[in-house]
Amino acid sequence: VNYKWNFAIVGGYMANGVVDPNACSNMNLAHQAGMAAVDAYIIPCVRCGNPEQQVNQLIDSLSPCGFTRIFVKLQYGQWGIDLAANRDFLQKLVRQIQARGRQAGIFTSWIWWKTIVGLDYSGMYQLPLWWINYDEQIGFYRYVPFGGWKLPTLKQFNGDQYYCNG
């Protein structure tokens, strides 16, 4: 099977609370390679607080580089154990992304969603889901619905390989 990649998602904000210093150059390289869409993801620094400021730092730093969407990564080890506080932090991140005129998405796995915001939380289902499932298989056939998503938009099936729905 021959896949033609036409988009890139670049790490934009790191868990230590700073914009990735390579993000803009990586976005420029993606544009130069002919990518039709270039997006970013944020690994929020929950312990740093102030989700709005983190979004502002990311957007202010990377706006000249040309991107549309910011995926918020929920991964174990970066968030606290209080589901309600995590939901609030996530909502503030997404609201600020949208208030700044960008589209938002969610980047997570079933187990991380369960651990960080709880399986009963469906407050982000309207956003695209970039689903992580390192099964080394192309396709969504192992997807178990969570968070209100019937199917993900993207799947990361290996450390550096992705599959798109559509």
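Student: Which cysteine pairs with cysteine 24, and how far apart are the sulfur atoms?

Tutor: Cysteine 24 forms a disulfide with cysteine 65, with 1.8 Å between the sulfur atoms; a disulfide here is a pair of cysteine sulfur atoms within 2.5 Å. Keep in mind that this is a predicted model, where local features need pLDDT of at least 70, side-chain atom pairs count only at pLDDT 80 or more, and totals for chains, interfaces and linings use all residues. Residues are numbered from 1 along each chain as its sequence is written, and side-chain values use heavy atoms, with hydrogens and water left out.

Student: Is cysteine 65 buried or exposed?

Tutor: Cysteine 65 is buried, at 3% relative accessible area, while cysteine 24 is partly exposed at 25%. The cut-offs are under 20% relative accessible area for buried, over 50% for exposed, and partly exposed in between (1.4 Å probe, protein chains only).

Student: How many disulfides does a search of the whole structure find?

Tutor: Two. Cysteine 45 and cysteine 48 are also joined, S to S 2.0 Å, and that link is right-handed, with 60° about the S-S bond. Cysteine 45 is buried at 2% relative accessibility, whereas cysteine 48 is partly exposed at 42%. With the bonded cysteines numbered in sequence order, the pairing is 1-4, 2-3.

Student: Switching to strands: how many of the residues of β3 are buried?

Tutor: Five of its five residues.

Student: What does β3 pair with?

Tutor: β3 runs parallel to β2 (residues 37-42), with three bridges, and parallel to β4 (residues 103-108), with five bridges. Strands pair here if DSSP finds at least two bridges between them. In β4, phenylalanine 107 is the bridge partner of lysine 73. The chain gets from β3 to β4 through helix α3 (residues 83-99), in a right-handed β-α-β crossover. Right-handed means that, with the strands pointing away from the viewer, the path from the first strand over the helix to the second runs clockwise.

Student: Now charges. How many salt bridges are there in the whole structure?

Tutor: Three, a salt bridge being a side-chain nitrogen of Lys or Arg within 4 Å of a carboxyl oxygen of Asp or Glu. One of them pairs aspartate 60 with arginine 100 (2.6 Å, N to O). Aspartate 60 lies in helix α2 and arginine 100 in the loop between α3 and β4, so the pair ties together parts that are 40 residues apart in sequence.

Student: Which residue does lysine 92 bridge to?

Tutor: Aspartate 88, with the closest N and O atoms 3.1 Å apart. Both lie in helix α3, four residues apart, about one turn of the helix. Lysine 92 is partly exposed at 27% relative accessibility, and aspartate 88 is partly exposed at 34%.

Definitions and conventions:
Helices (H or I, at least four residues) and strands (E, at least two) are DSSP runs, numbered from the N terminus.
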